[in-house]
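Open the model in your viewer and keep the selection panel at hand. The stops below go from one selection to the next.

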Amino acid sequence: MAGSSAAAAMKATSEPIADDKTAIVCLNCKDAGYYTLDVPVGDPNFGVLMLCDCRRSEKEQRAAHELHRLSNLEPFSDKTFETFDASVPGVQRALARAREFARRPQGWLVFFGNYGCGKTHLAAAIANEALQNHYRVLFAVVPDLLDHLRSTFGPNSEIAYDERFEIVREAPMLILDDLGTENTTPWAREKLYQIINHRYNYCLPTVITSNRKPDEIEPRILSRMLDAVLCPERIIIEAGDYRRLPVEQRFGYRKRRLERGEGRDPRTRL
Ligand SMILES: [Zn+2]
């Protein structure tokens with residue numbers, strides 16, 4: 001079954017719709033069950049057949065749906081590598097590493113930096129690019145994530161707590177934005193630690209941003225963030241507060257886009 005459908009998929013991906021007049025149900029794979037990534041020749045994923053979500057088990061589909069729902073990337077949809085202002089001094093190294101991680105998610109990537117230095121933009125850009133390449137990503141602002149986990153205990157929750165917790169813990173790529181700002185209860189602190197420890201033990205691709213000083217982060221979590229094997233480099237973004245730059249400089253990119261008639265309203269949040 002798997003072999004024959006893979007062969008069918010191979011055929012289907014090279015001849016996407018042919019003369020078939022029946023409606024296509026899955027736009028991602030054109031009902032082939034597999035798709036290939038849009039990556040350049042030489043990329044390790046070039047030509048690799050990826051199993052489409054439409055062929056995954058119901059549980060896996062629920063996980064994919066839940067990752068998407070929890071991610072709430074909509075407000076960050078304009079935060080891409082293209083819209084990142086690379087001319088701000090001090091951000092080049094961070095930008096290069098973020099791009100590399102989005103292309104090939106491996107190990108951990110940790111960004112420390114002051115509020116407004118661009119680390120959330122980079123974290124969202126990684127998520128947006130990874131999604132475009134059909135990686136499954138959970139982008140989570142830490143305090144919100146802990147709220148979501150807590151809400152699973154509520155009477156209106158559609159999904160059981162254990163299942164949601166597992167989905168978060170096992171996300172193929174997990175991006176934890178703003179670690180250290182959460183106003184934690186002992187319960188939330190323990191959950192956060194369990195997620196991070198699990199990602200650590202299984203070397204799962206993880207991005208963490210924090211505007212805290214390292215000594216303000218819980219030692220059990222910090223020691224994992226400082227592991228040199230999993231995370232060979234912690235990047236401290238030295239850029240000043242991006243939001244304090246003159247308006248012209250902050251919105252330069254958007255202004256140029258707007259002038260070309262392509263932009264969003266610049267008042268959307270930075
Ligand atoms: Zn499909």
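Select helix 4, residues 119-132, to begin. This is a predicted model.

Now colour helix 4 by burial. Of its 14 residues, 11 are buried, so the helix is largely enclosed by the rest of the structure. The buried set includes Lys119, Thr120 and His121 as well as Leu122 and Ile126. Asn128 and Ala130 are also among the buried residues. Step past the helix to His134, which has a positive phi, near 65 degrees.

Next, show the largest nonpolar core, a set of 47 residues. Leu122, Ile126, Val137, Leu138 and Ile175 touch the most other members. Helix 4 gives the most to this core, with 7 residues. In soluble globular proteins, nonpolar side chains tend to be buried together.

Centre on Leu122. Which residues does Leu122 touch, leaving aside those up to four places away in sequence? They are Phe84, Ala94, Leu95, Ala98 and Phe111.

Move to strand 5, residues 173-177, where confidence is highest, at a mean pLDDT of 95. All 5 of its 5 residues are buried, so strand 5 too is largely enclosed by the rest of the structure. Look along the strand. Met173, Ile175 and Asp177 point one way, while Leu174 and Leu176 point the other way. In a regular strand the side chains alternate between the two faces of the sheet.

Strand 4 (residues 137-141) runs parallel to strand 5, and 5 bridges join them. Find Ala140 opposite Leu176. Strand 6 (residues 206-210) also pairs with strand 5 in the parallel sense, over 3 bridges. Here Ile175 stands opposite Val207. Then select helix 7, residues 186-201. Strand 5, helix 7 and strand 6 make a right-handed β-α-β unit.

Zoom out to the whole chain. It holds 10 helices and 7 strands. Of its 270 residues, 30% count as buried. Among contacts between residues at least 6 apart in sequence, 72% join residues at least 24 apart.

Finish with colouring by confidence. The mean pLDDT is 77, and 76% of residues reach 70 or more. Where is confidence lowest? Select helix 9, residues 247-250, with a mean of 44. Over residues 241-258, pLDDT stays under 50, and the model has 24 contacts there beyond four places in sequence. Residues 261-270 also stay under 50, with 12 such contacts.

Notes
Residues numbered from 1 in each chain as written. Predicted model: local features only at pLDDT ≥ 70, side-chain atom pairs only at ≥ 80, totals over all residues. pLDDT = per-residue confidence, 0-100. Helix = DSSP H or I, 4+ residues; strand = E, 2+ residues; numbered from the N terminus. Contact = placed C-beta atoms within 7 Å. Expected span 1.5 Å × (residues − 1). Buried ≥ 20, exposed ≤ 12 C-beta atoms within 10 Å, placed from the backbone. Core = buried A, V, L, I, M, F, W, Y, C linked by C-beta atoms within 7 Å. Pairing = 2+ DSSP bridges. Right-handed = clockwise from strand over helix to strand, strands pointing away.
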